[in-house]
Amino acid sequence: MSLIIENEQHEPFMQWLQNEWIENLPAGSKLLKMLDSPHQGQTYCVQLNFEYANDIANFQKQYLSSLQQHIGEHFMGKVFLFDSTMKYLEK
């Protein structure tokens, strides 16, 4: 998933994300910052790896809904979430 955060909301949102949300994610999760983003503000990506498709649905129920709720309550129109599912390709 990707997050686009307006500059004036960057610090308070990232503080919450790292202290309340990221630390509770499954092992192996990574927070990445997009360099040279084409978007205004700051763009981040949360990378998670799941072995089974139903693990994605479980993640969405357990973790994603709390993130969406927090954004809606505290950062509406200031933080944008783009959920996506990707697959590794063979070389």
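**View 1. The pairing of β2 with β3 in a predicted model.** Strands β2 (30-33) and β3 (42-47) pair in the antiparallel sense over four bridges, where two strands pair if DSSP finds at least two bridges between them. Helices (H or I, at least four residues) and strands (E, at least two) are DSSP runs, numbered from the N terminus. Across this pairing, Leu 31 stands opposite Val 46 in β3. The model is predicted, and local features need pLDDT of at least 70, side-chain atom pairs count only at pLDDT 80 or more, while totals for chains, interfaces and linings use all residues. Residues are numbered from 1 along each chain as its sequence is written, and side-chain values use heavy atoms, with hydrogens and water left out.

View 2. The four strands form an open sheet in the order β2-β3-β1-β4, with antiparallel pairing. Because β2 and β4 stand at the edges, each with a single partner strand, one side of each is left without a neighbour in the sheet. On average, and with direction ignored, neighbouring strands of this sheet are turned by 20° against each other. Strand β1 pairs with β3 in the antiparallel sense over four bridges, and here the bridge partner of Ile 4 is Thr 43 in β3. Strand β1 also pairs with β4 in the antiparallel sense over four bridges, and the bridge partner of Ser 2 is Phe 82 in β4.

**View 3. Helix α1 and what covers its buried side.** The twelve residues of α1 should span 16 Å at 1.5 Å a residue, and the end C-alpha atoms of α1 are 15 Å apart, which agrees; the expected span is 1.5 Å times one less than the number of residues. The buried residues of α1 are His 10, Phe 13, Met 14, Trp 16, Leu 17 and Trp 21, where buried means under 20% relative accessible area, exposed over 50% and partly exposed in between (1.4 Å probe, protein chains only). What covers them includes β1, β2, β3, α2 and β4.

**View 4. His 10 in helix α1.** His 10 has its place in helix α1 and counts as buried because its relative accessibility is 18%. Not counting residues up to four places away in sequence, His 10 touches Ile 5, Gln 42 and Tyr 44, with contact meaning heavy atoms within 4.5 Å.

**View 5. The largest nonpolar core.** Of its 19 residues, Met 1, Leu 3, Phe 13, Leu 17, Trp 21, Phe 59 and Leu 67 touch the most other members. A nonpolar core is a set of buried Ala, Val, Leu, Ile, Met, Phe, Trp, Tyr and Cys residues joined through side-chain atoms within 4.5 Å. At least two residues of this core are supplied by each of β1 (2-5), α1 (10-21), β3 and α2 (53-74). Leaving aside its neighbours within four places in sequence, Leu 17 is in contact with Leu 3, Ile 22, Leu 31 and Leu 67.

View 6. Lys 87 is found in the segment after β4 (79-82), and at 69% relative accessibility Lys 87 counts as exposed. Lys 87 and Phe 50 are 37 residues apart in sequence and 9.9 Å apart in space, C-alpha to C-alpha.

Methods: Axes are lines fitted to C-alpha atoms, for helices over the stretch in contact, and angles run from 0 to 180 degrees between N-to-C directions.
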